[in-house]
Amino acid sequence: EALNSERFIARKDYDRNRIQPSALQVGGGTIIIFDETSMHEGQLTTGGVRSLQTAQELVRSQQIPVEFDYFSMKMPVDAASIVLSSAPPNQR
């Protein structure tokens with residue numbers, strides 16, 4: 001549900017002439033914890049898939065996209081990531 005509803009991608013608001021922040025825009029030295037243990041089956045919307053891809057980009061390269069009308073630009077983020085995960089019961 002969080003992937004579908006939260007804003008994980010920053011976007012330029014041209015009416016207010018400012019960047020609308022995302023949940024992944026954090027201060028330097030922040031540790032972001034992704035808890036996969038609470039995930040359950042469900043349906044991701046297009047926005048949810050893009051949010052997941054943005055989280056993956058942050059973990060892999062410490063960059064997140066900022067979307068403008070005609071292009072997207074990657075911005076560096078100084079944040080460590082911890083991913084909590086567990087194997088399904090039949091694979092332990």
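1. Helix span. The expected span of a helix is 1.5 Å times one less than its number of residues. Helix 2 has 16 residues and runs 22 Å from its first C-alpha to its last. That is close to the 22 Å expected at 1.5 Å a residue. The model is a predicted one.

2. Overall layout. The protein has two helices and six strands. In sequence order the pattern is α-β-β-β-α-β-β-β. The C-alpha trace spans about 50 × 30 × 15 Å along its principal axes. The protein has 92 residues, and buried residues make up 25% of them. Among contacts with a separation of 6 or more, 54% come from residues 24 or more positions apart.

3. Buried side of helix 2. Which residues of helix 2 are buried? They are Gly 48, Ser 51, Thr 54, Ala 55, Glu 57 and Leu 58. These buried residues pack against helix 1, strand 3, strand 4, strand 5 and strand 6. Strand 4 covers 63-67, strand 5 covers 72-76 and strand 6 covers 79-84.

4. Ser 51. This residue lies in helix 2. Ser 51 has a relative accessible area of 4%, so it is buried; the cut-off for buried is under 20%. Leaving out residues up to four places away in sequence, Ser 51 touches Leu 3, Glu 6 and Phe 8.

5. The largest pocket. Its volume is about 610 Å³. The lining of the largest pocket counts 23 residues. Nearest the centre of this pocket lie Ala 2, Leu 3, Asp 35, Met 39 and Leu 52. By class, the lining of the largest pocket has 13 nonpolar, six polar and four charged residues.

6. Lys 74. Strand 5 holds Lys 74. Is Lys 74 buried or partly exposed? Its relative accessibility is 47%, so Lys 74 counts as partly exposed. Setting aside neighbours within four places in sequence, Lys 74 is in contact with Glu 57, Gln 63, Ile 64 and Pro 65. Lys 74 and Glu 6 are 68 residues apart in sequence. In space the C-alpha atoms of Lys 74 and Glu 6 are 19 Å apart.

7. The aromatic pair. How many aromatic pairs does a search of the whole structure find? The search finds one. The ring centres of Phe 68 and Phe 71 are 4.8 Å apart, and their planes meet at 15°, so the pair is stacked. The cut-off for stacked is planes under 30 degrees apart. Phe 68 is buried, at a relative accessible area of 19%. Phe 71 is partly exposed, at 47%.

8. Gln 62. Just after helix 2, Gln 62 takes a positive phi of about 55°. Gln 62 is a residue other than glycine. The loop between helix 2 and strand 4 contains Gln 62. At 33% relative accessibility, Gln 62 is partly exposed.

9. Asn 17. A positive phi of about 55° is found at Asn 17, although it is not a glycine. Where is Asn 17 placed? Asn 17 is in the loop between strand 1 (10-13) and strand 2 (18-20). The relative accessible area of Asn 17 is 56%, so it is exposed; exposed means over 50%.

10. Gln 25. The loop between strand 2 and strand 3 contains Gln 25. Gln 25 is partly exposed, with 37% relative accessibility. What does Gln 25 touch, not counting residues up to four places away in sequence? Its partners are Ala 10, Ile 19, Gln 20 and Ile 64. Ile 64 is also among the contacts of Lys 74. Gln 25 and Asp 78 are 53 residues apart in sequence and 9.4 Å apart in space, C-alpha to C-alpha.

Definitions and conventions
Residues are numbered from 1 along each chain as its sequence is written. This is a predicted model: local features need pLDDT of at least 70, side-chain atom pairs count only at pLDDT 80 or more; totals for chains, interfaces and linings use all residues. Side-chain values use heavy atoms; hydrogens and water are left out. On a 1 Å grid over the protein atoms alone, a cavity is a set of points where a 1.4 Å probe fits but cannot get out, and a pocket is an open set with protein on both sides within 12 Å along at least five of seven lines; lining residues have an atom within 4 Å of a point. Grid points are joined across faces, edges and corners, and a volume is the space filled by probe spheres set on the points. Ala, Val, Leu, Ile, Met, Phe, Trp, Tyr, Cys and Pro count as nonpolar, Asp, Glu, Lys and Arg as charged, and the others, Gly among them, as polar. Helices (H or I, at least four residues) and strands (E, at least two) are DSSP runs, numbered from the N terminus. Buried means under 20% relative accessible area, exposed over 50%, partly exposed in between (1.4 Å probe, protein chains only). Contact means heavy atoms within 4.5 Å. Rings of Phe, Tyr and Trp (its six-membered ring) pair if their centres lie within 6.5 Å; planes under 30 degrees apart count as stacked, over 60 as edge-to-face and the rest as tilted.
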